[in-house]
Amino acid sequence: MTSLKWFLIALGFLKSTFETNPVRGRIPNPLPAEYGLFATMMVNSNDFRDELVMKQHQDSSVAIASSSPLSSIAEAFEELVKLLMKRKTEQEELPLDTFCHACSHVSFLFNSLGLAFKFAELEYVAKLRGLLEASKTCGTLLDILDIDIATDTVKTSGSYSRNLRRVRQGLDLIRAIFEQFLSTDDSSLKEVASTAYAQSCAPYHSWAVRTAVYAGMYTLPTRDQLLMKLNETDQSAEKKMKRYIDASLPVIEYIDELYLSRNIVLDW
């Protein structure tokens with residue numbers, strides 16, 4: 001069976017996966033069948049990405065002044081690291097709204113990778129929508145964990161704690177892609193993306209999502225095409241990708257520590 005046929009089959013399985021409550025970051029019913037499903041998924045994820053960017057320009061507490069997506073991402077996460085450093089001296093937790101604003105920049109990268117990572121983008125922006133909704137009533141990342149612990153819904157589908165876990169995996173996926181990208185000069189990104197996905201997200205995704213992602217790898221842009229989309233050269237991209245790798249690791253580790261501090265294992 002061809003990759004395209006596998007991809008279309010996986011689309012059908014995904015219908016039931018995403019037909020849930022939009023309030024906590026999922027795509028609403030009704031969803032059209034077959035190809036219409038994918039169109040609806042793309043519209044939801046693209047619209048929300050635009051919505052986040054607009055909101056960020058309006059009231060973000062993270063000041064971003066840059067000329068490229070990679071610069072924005074690196075600067076946003078470097079700001080988060082500064083807040084984490086402040087936490088060590090002033091015992092303050094990471095603000096949820098600031099975290100959401102920083103994470104909103106990352107969705108552009110999923111979109112730049114094309115159809116292969118449309119599902120990763122869809123899950124990422126849907127879960128981020130849920131966290132942004134939570135930020136209206138929860139001040140910090142730790143707050144949402146404690147709320148879900150109190151109601152015994154940490155691992156429940158659509159819970160804020162589950163949303164945070166999935167967003168964290170998205171951040172780690174981009175980090176892994178950057179590391180793989182910098183480790184080779186290959187013009188094809190298939191091996192780069194496949195290895196990064198296998199390391200960070202594949203263990204937690206359903207068969208349908210994994211099949212769709214792997215089948216869609218043939219749609220990845222080339223190395224030069226991705227650099228063009230990001231408005232970068234090899235040299236400039238390397239510096240900014242390294243900045244994101246260095247800045248995202250403390251944020252990812254902080255999120256993991258929150259779960260572990262509440263005796264929540266990280267195998268889901």
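## Legends to the close-up views

**View A. Helix H8 passes helix H9 in a right-handed crossing.** The model shown here and in every other view is a predicted one. Helix H8 covers residues 160-182 and helix H9 covers residues 190-200; their axes come within 8 Å and cross at roughly 145°. On the side of H8, the contact is formed by Gln169, Asp172, Leu173, Ala176, Ile177, Gln180 and Phe181. On the side of H9, the partners are Val192, Thr195, Ala196, Tyr197, Gln199 and Ser200. Sorted by class, this contact of H8 with H9 holds seven nonpolar residues, five polar residues and one charged residue.

**View B. The chain as a whole contains twelve helices and zero strands.** Followed along the sequence, the pattern is α-α-α-α-α-α-α-α-α-α-α-α. The chain has 268 residues, and buried residues make up 51% of them.

**View C. Helices H4 and H6 meet in a left-handed crossing.** H4 consists of residues 96-104 and H6 of residues 118-134. Their axes come within 9 Å and cross at roughly 155°. An angle over 145 degrees counts as roughly antiparallel, and H4 and H6 are therefore roughly antiparallel to each other. In H4, the residues that take part are Leu96, Phe99, Cys100, Cys103 and Ser104. They meet Tyr124, Leu128, Leu131, Leu132 and Ala134 in H6. By class, the contact of H4 with H6 has nine nonpolar residues, one polar residue and no charged residues.

**View D. Helix H7 packs against helix H8 at an angle of about 135°.** H7 spans residues 141-150, and the two axes are 8 Å apart. That angle makes H7 oblique to H8. Leu141, Ile144, Leu145 and Asp148 represent H7 in the contact, whereas Tyr160, Ser161 and Leu164 represent H8. These residues of H7 and H8 divide into five nonpolar, one polar and one charged.

**View E. Asp152 stands in the loop between H7 and H8.** As background, most residues other than glycine have a negative phi. Is Asp152 buried or exposed? With a relative accessible area of 69%, Asp152 is exposed, because the cut-off for an exposed residue is over 50%.

**View F. Asn263 belongs to the segment after H12.** Although Asn263 is a residue other than glycine, its phi is positive, with a value near 60°. Asn263 has a relative accessibility of 75% and therefore counts as exposed.

**View G. Arg223 is placed in helix H11, which covers residues 223-229.** The relative accessible area of Arg223 is 6%. Because a residue under 20% is classed as buried, Arg223 is buried. Which residues does Arg223 contact, leaving aside its neighbours within four places in sequence? Arg223 is in contact with Phe181, Thr184, Asp185, Asp186, Ser187, Leu189 and Asp234. Of these partners, Phe181 also takes part in the contact of H8 with H9.

**View H. Ala247 lies in helix H12, made up of residues 234-261.** Ala247 has a relative accessible area of 4% and is buried. Not counting residues up to four places away in sequence, Ala247 touches Phe77, Glu78 and Val81. The pair Ala247 and Arg175 is separated by 72 residues in sequence, and in space the two are 9.7 Å apart from C-alpha to C-alpha.

**View I. Ala215 is part of helix H10, which comprises residues 207-215.** The relative accessibility of Ala215 is 7%, and Ala215 therefore counts as buried. How many residues apart in sequence are Ala215 and Leu115? They are 100 residues apart in sequence, while their C-alpha atoms lie 9.8 Å apart in space.

How values were computed. Residues numbered from 1 in each chain as written. Predicted model: local features only at pLDDT ≥ 70, side-chain atom pairs only at ≥ 80, totals over all residues. Heavy atoms only, no water. Axes fitted to C-alpha atoms, helices over the stretch in contact; angles between N-to-C directions. Helix = DSSP H or I, 4+ residues; strand = E, 2+ residues; numbered from the N terminus. Parallel < 35°, antiparallel > 145°, perpendicular 65-115°, else oblique. Left-handed = near helix turned anticlockwise from the far one by under 90°. Contact = heavy atoms within 4.5 Å. Nonpolar A, V, L, I, M, F, W, Y, C, P; charged D, E, K, R; others polar. Buried < 20%, exposed > 50% of the residue type's maximum accessible area, 1.4 Å probe, protein only.
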